[in-house]
Amino acid sequence: MITVTINGKEIKLEKAVTVLEAARSAGIKIPTLCWHEQLEKYGGCRLCLVEVEKMPRLQTACTLMVADGMIIRTETDTIAEVRRGVLEFLLINHPLDCPYCDKAGECELQDLVEKYGLTKGRFREQKRKVPEALEDPVLVRNMERCIVCTRCVRMCEGVQGASAISVINRGGHSHIEPFSGGRFDCEYCGNCVSVCPVGAIMSRLHRHSYRPWQLGSETKTVCPYCGVGCTVVVQVRDDIIKRVVPKLGTVVNNGLLCSRGRFGYEFVGNKERLTTPLIRKNGLLEPSTWEEAIRLIASRLSEIKDKHGSNAIAGIASPRCTNEDNYVFQKFMRVAVGTNNIDSTARTGFAGAQGFIENIFGQGATGNIISGLANSDAVFVIGGDPTTINPILGLQIRACSRRGGNILTVGHMKGLRYYTPLELRPSVNTEIALLEGIVSALMKKKGPPGSHPVLEARLKDLNAQEADLPRICGIQGKDFSRFIDTLAEAATPSFVIGKDMIQSKGGSYGLFLVSAINYIVNGRIYLLSERANEQGLLDMGCAPDLFPGYRPITYPEFRKRYENAWKTGLPDKPGLTIFEMMEAAKAGALKCIYVMGENPVFNLPHTKDVEAGLKNLSFLVVQDIFLTETAKMADVVLPALSWAEKDGTFTNMERRIQLVKKAVHREGMEDWKILSEISSNMGVRMNYSDAEEIFGEICRVSPLHRDLNYEEIEKGDAIYPYKGEPLRGSTDEIHIEKSAGREERGKLYLRVERPLFHSGTLSRKAPALVNICPEAVARISPATAAALSLKDGDIVRASSKTGALELPVAVDEAIDDSAVMLSNNFQGKGAFSLMEYEIDPVTKAPCLDSNQIILEKVNR
Amino acid sequence: MFRETAIKEIEAIREQYPTARAALLPAIYVAQREFGWLSPEAYESVSSVLGVPRATVRGVATFYAMYKHRPMGRHLVQLCTNVSCMILGAEKLVDFLKNRYGLEAGGMSSDGRFSLVIMECIGACGTAPAMLVNNDFYENLTEKYIEEILEKYR
Amino acid sequence: MERVLLKNIENPESADINEYKKAGGYKGLPKALGMQPREIIDEVKKAGLRGRGGAGFPVAMKWTFASADPKFPKYLLCNADEGEPGTFKDRPILEKNPHILIEGMAISGYALGAEYGYVYLRGEYPGAKDVLNRAIAQAYEQGFLGDNIGGKGVRFHLAVHQGAGAYICGEETALIESLEGDKGQPRIKPPFPVNVGVFSKPTVVNNVETLSNLPYLIEIGGEAYSKIGSPDCPGPKIYCVSGHVERPGVYELPMGTSLKDIIYDHCGGMKAGRKLKAVIPGGISTPVLPPDKIDCPMDFVNMPKHGSMLGSGAVIVMDESVCLVKVCFRALKFFEHESCGKCTPCREGTGWLRKILGRIEHGEGVDGDIELLLSVAGNILGKTFCPLGDGAASVVQNFIKHFRPEFEEHIRAGKCMVNG
Ligand SMILES: Cc1cc2nc3c(=O)[nH]c(=O)nc-3n(C[C@H](O)[C@H](O)[C@H](O)COP(=O)(O)O)c2cc1C
Ligand code: SF4
Ligand code: FES
């Protein structure tokens, strides 16, 4: 126990903290500028100077650790004088343009000057002049307001880990550069904006559009973009979102956001939002009324059901919609329509991979706490760059490295390149061989743990020869050995698996091998998730083989439960997966698809096939916020409310349930509401008054969610397995389908780029994100560029078996020589349009890696 | 990018330290020598050889006065004007360099032969005024002596 | 007194290992290897050796802290950044007598249990770098460095790390940052380098001159060493004298030699018999002294009693031809240029002081400028992160304290009374 006296007040402390923290704990405020709770100590601004008895000099409270018996004074006349002096120094080069500055009202410098008073006009020299910089798409910089506290740099370097900015020059010439202006490594996260105490770095999105004190409301909710599920605070004026900011102290993202979360909100207010139902008449979609649309859908569904049976209808649920929406969706499909034909784009990887891993390690195996990654002593990454797919999770991997943990990657992860990764980059089509080699080597080194006989039985005949690996995979033997040694020595390793691994030929076998590695070294698995409620939709039963609570429909006792709960009989055979739906539609067996908040034409591979299937339907309903490629093909289009306009819950990849709250008001109906109306019209009454009531029902029917409620969710306690019971069962078999890719060296294959700034359909309606990353580009390696005589910006025709696109190329050292990277984010220029696929028989995910692509320069 | 020999040189330097980052200052020296000054390509090269972010390389490089951020003349004249040299007439020598060679502080002569940098103390105060031309010290300078010295550097 | 540190430097081959040995070098190291590390530290303590980098910190104390820290490996850094204006005392050792430093570092490394050493050499000494590297290679060849020094299994490796022009890197934590490949900005203390230094390991930073004392100290023993010069801080000391004296240069003399004697005896008095106006006794950061205050023993203990500091022992002598406003202005230009920018008072304050001084110097001073200078200096002094800012502030305070009329005259007349 340490006792210190601050301003005459005795304070007892459990452990040594800084004087600043000690003072805060006792409610004594010491002014600070360079200090920030998220950042490393700095001690540069000198505002927090305090008097400490027996110390000859004044001391900075933000750096000095308390010692027993210390007597500290934080507010004396001398100190006030000192602080005035420091403030005077800060102001001699400051433009004093508060009336014009957007920061006014929440500026820390302004507040301090107000408190300590201004020493006036002693500086007669010229002030430093720096013009406002608008070269960054999302930031506006007013560097003459900068006080060189370096909070932004410490954020960018030490927390975000992008290191896109630095203090340039020294002394009085110090300034911060280059942000994105230099096109260096800016990740546009805007976390520098959060920590800037003055108006030097601000978001450009709301420039001069409001004053902080004019905000109408602030709503704490969850980011709509990826599976990390960051807490965001949505600030609104006149029903327009003005700003989205993070909040300190929240569990998932503690004051941090990525570019999508912070700057991607403008889709909500986008003018292109659907406002009224549309019905196809004489081949054209025409505005209509809700009444007409709902009646039409109900009658067409009933008709098809009567004529072709329930299984002629299928539904596609949405990882962008809430748990409540998705719960009602599957209930509608199962009860009102009577089919298990329910699936989603989670089928493109996450669903099958999670099922596979849980089958081996038990339910919840992939639901690990994201912040735990930072405490791992080794992180193994495969199948995609986590820093772009799940950026905030990526930060934890960087933090792990900073704390001395080892980063091990299979393939090159650009976002981790400054984190001294041990990188194995197997040549094309040899990833499986490499994984086999790793398993064999680890088995030799560590031996079988002996706790999972089924898994170990599977490893018996595996005996890759380490000596052959360098030759087969094109890697260095010593790199391989270091990789193995590091992995073998790790005490708390983590495994991060991205979709590229799942979407490759032999993906389930690859998953098995990674699982085996995880098993041998006793690690934990993180499965990257690209959509905000991918996990939630599965937990809600939006899968052809699952009921809410992640209960397999094939177990009669479960089925009974739901039949009782929903007071109806339920189909006992698994329904169609999303890919089977497309096949069945093409074959004519499926007549109708109901799509909620999804854009299969764009978000599923082999666009032409998807279009052909959907065209072949006799009835297509799309419920969405935009007139997407899919909506354009529909017979009825229903406008939905977006994430910011409704209440509900999302479940993130940790399986944490979090509240999504209405932040702005908009005319219209929530997805669940639309569905209940249609259901009621079909004779199956659903009248929920609000999302909370639906959640109540979920908690009653789902054994996993038992007794949970919004109140507890709000407290942050709703983390798997909640209060209910997880699904336990022992594995007696692991299905593996060994198959190998067909890629050959020397040819080019299309790979899906998963960029930081976009995410499917939503982000392209967010101007800020489009400004950061405005167009589709094909990324190729320098070697490929050289071989094809291409340079940055050249236009190429990229053709595959299924189609061709014209687009510019970018030469990027990070790309493999066999790959052409193209994202799937730009209208008409998506990678999926050039891809065929085969379905992995175990995970039911599409294998996308064998799509050969030919690039030809287009001369204009 | 660096030539192969420069990469080898940096790798050898790197061996002297427990971390790659510690080789940053020497690597920047190599880049300066290889590219003549710290051009964007020089930063890029250092960054990729050592795995240090580009902004960081630039931040570190601009902190130090001896790294050059613009193209330099063939020979670098570094004249001290700190107190010991100043009181013995260094300022007159600054004027002389300007009038005689068109050399201004931080600038380059029009023929690209010399660049001039005004230095803080270079540790030759006992023989002030003093300067360095490239790596060589010249002390007890006078205008005439400077002329003689610079003759040697073409 | 027989020269120790600058012994033999007139010999053009003095940097060669064999010449060094011929002149009696590499005797201390074998003797030290025959002792226990603890015993060496005891000798250093008995000798009363204080650091020659400027602060005069007792060497044995620093070493004791570092050697007591269980973390491993430990590092020994030689501070060869010699950036304090007026200072050129380490340069002759580095360029002409490098083996005395190498031997000193090998002894210190052994005493500390440090297996790795770096010489942090200022970028402005390119010649010294080549000399040192050659000398280090020779020392490796002859087994004074390496994995098995003197056949005793003692390990010490040494390399040169070249700085790149930043005075602040002479400050030990900034030096460490710079060695790690970062900007040379001082670190928060504690933790002190002796516990968490370079690469987060226990680290001792000592000045070139300090370390070069070791071979001789060990050879003659702490007891005998302590008899040289001032009893409070004994040993030989290199004074470097510049400015208006007949014979400027480096003088190795017993610690505590009087400033007056240095100027008038050793340096042959004022140049051309001109009148002394002011002396900066220990490098530009130390308080300037007027002619009537120079009768003082130049050591760490006595100089503060006489209103200044020993600093680096860099004596800058100025005669009546010098405008002190201009000197003060030039000094502040230096501090402004060298401020690392980390802390507010130094970053903003040095520039402000320089601007005011520049105004006065250029005849544009106004009434109240002297008070403003003192007030701004007061707002810096004691509030900065490291002593650089203090140095800047105290330069202004001391020039005004001793030579106020000259400043007033500048402001009043709008011109300089020396140079018109
Ligand atoms: C601004 C500043 C500059 C310094 N410059 C030097 C220097 O150039 N050389 C040096 O040896 N010590 C310098 N020092 C002192 C070092 O911080 C440190 O005290 C010294 O290297 C310790 O060595 P010593 O104990 O052998 O003197 C400087 C200190 C400060 C605050
Ligand atoms: S006083 Fe402050 S700004 Fe000046 S050099 Fe020291 S830390 Fe840097
Ligand atoms: S808050 Fe302590 S020095 Fe800035």
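1. A word on the kind of model first. This is a predicted model, and side-chain atom pairs count only at pLDDT 80 or more. Please keep that in mind when you look at the individual pairs named below.

2. Let me begin with chains B and C. Here 37 residues of chain B are in contact with 55 residues of chain C. The two chains bury about 3,400 Å² between them, and carbon and sulfur atoms account for 61% of it. On the chain B side, B:Phe63, B:Ile87 and B:Glu120 supply 18% of the area buried against chain C, more than any other three residues.

3. By class, the side of chain B that touches chain C divides into 24 nonpolar, 9 polar and 4 charged residues.

4. In one, the side chains of C:Asp182 and B:Arg21 meet at 3.5 Å, N to O. In the other, B:Glu120 pairs with C:Arg330, with the closest N and O atoms 2.9 Å apart. B:Glu120 lies in the loop between strand S2 (114-119) and strand S3 (131-133) of chain B, while C:Arg330 is in helix H14 (residues 324-338) of chain C, so the pair joins two chains. Are its two partners, B:Glu120 and C:Arg330, buried or exposed? Both are buried.

5. Now for chain B against chain A. This contact takes 13 residues from chain B and 16 residues from chain A. The buried area is about 1,200 Å², with 53% of it from carbon and sulfur atoms. B:Arg54, B:Ala55 and B:Arg58 supply 43% of the area that chain B buries here, more than any other three residues.

6. The same interface has 2 salt bridges and 4 residue pairs in polar contact. Helix H4 (residues 54-63) of chain B gives the most to the side that touches chain A, with 7 residues. That side of chain B has 6 nonpolar, 5 polar and 2 charged residues.

7. Why does B:Ser47 count as buried? Its relative accessibility is 5%, and buried means under 20%. Leaving aside neighbours within four places in sequence, B:Ser47 is in contact with A:Tyr418, B:Val52, B:Pro53, B:Arg54 and B:Val57.

8. Chain C can be read by its domains: domain 1 (17-225), domain 2 (236-319) and domain 3 (324-413). The centres of domain 2 and domain 3 are 23 Å apart, taken over C-alpha atoms. Their contact takes 11 residues from domain 2 and 13 residues from domain 3. Together these domains bury about 940 Å², 75% of it on carbon and sulfur atoms. In domain 2, C:Lys277, C:Ile284 and C:Val288 lose the most area to domain 3, together 49% of what that side buries.

9. Across that domain interface there is 1 salt bridge. C:Lys277 forms a salt bridge with C:Glu406, the closest N and O atoms being 3.1 Å apart. Strand S8 (residues 276-280) of chain C gives the most to the domain 2 side, with 3 residues. The classes on that side are 8 nonpolar, 1 polar and 2 charged residues.

10. Finally, some further salt bridges. The count over all chains comes to 94. Among them, C:Arg187 and C:Glu177 meet at 2.5 Å, N to O, and both residues are buried. In chain A, A:Lys791 meets A:Asp794 at 3.2 Å, N to O; A:Lys791 counts as exposed at 52% relative accessibility, whereas A:Asp794 counts as buried at 9%. A network of salt bridges links C:Arg52, C:Lys89, C:Asp90, C:Glu209 and C:Lys237.

Terms used
Residues are numbered from 1 along each chain as its sequence is written. Chains are lettered from A and ligands numbered from 1 in the order in which they are written. This is a predicted model: local features need pLDDT of at least 70, side-chain atom pairs count only at pLDDT 80 or more; totals for chains, interfaces and linings use all residues. Side-chain values use heavy atoms; hydrogens and water are left out. Contact means heavy atoms within 4.5 Å. Buried area is the accessible area (1.4 Å probe) that two parts lose on being put together, summed over both. A salt bridge is a side-chain nitrogen of Lys or Arg within 4 Å of a carboxyl oxygen of Asp or Glu. A polar contact is a pair of N or O atoms within 3.5 Å; within protein, one must be able to donate a hydrogen and the other to accept it, and residues adjacent in sequence count only if both atoms are side-chain atoms. Helices (H or I, at least four residues) and strands (E, at least two) are DSSP runs, numbered from the N terminus. Ala, Val, Leu, Ile, Met, Phe, Trp, Tyr, Cys and Pro count as nonpolar, Asp, Glu, Lys and Arg as charged, and the others, Gly among them, as polar. Domain bounds come from an automatic or database domain assignment. Buried means under 20% relative accessible area, exposed over 50%, partly exposed in between (1.4 Å probe, protein chains only).
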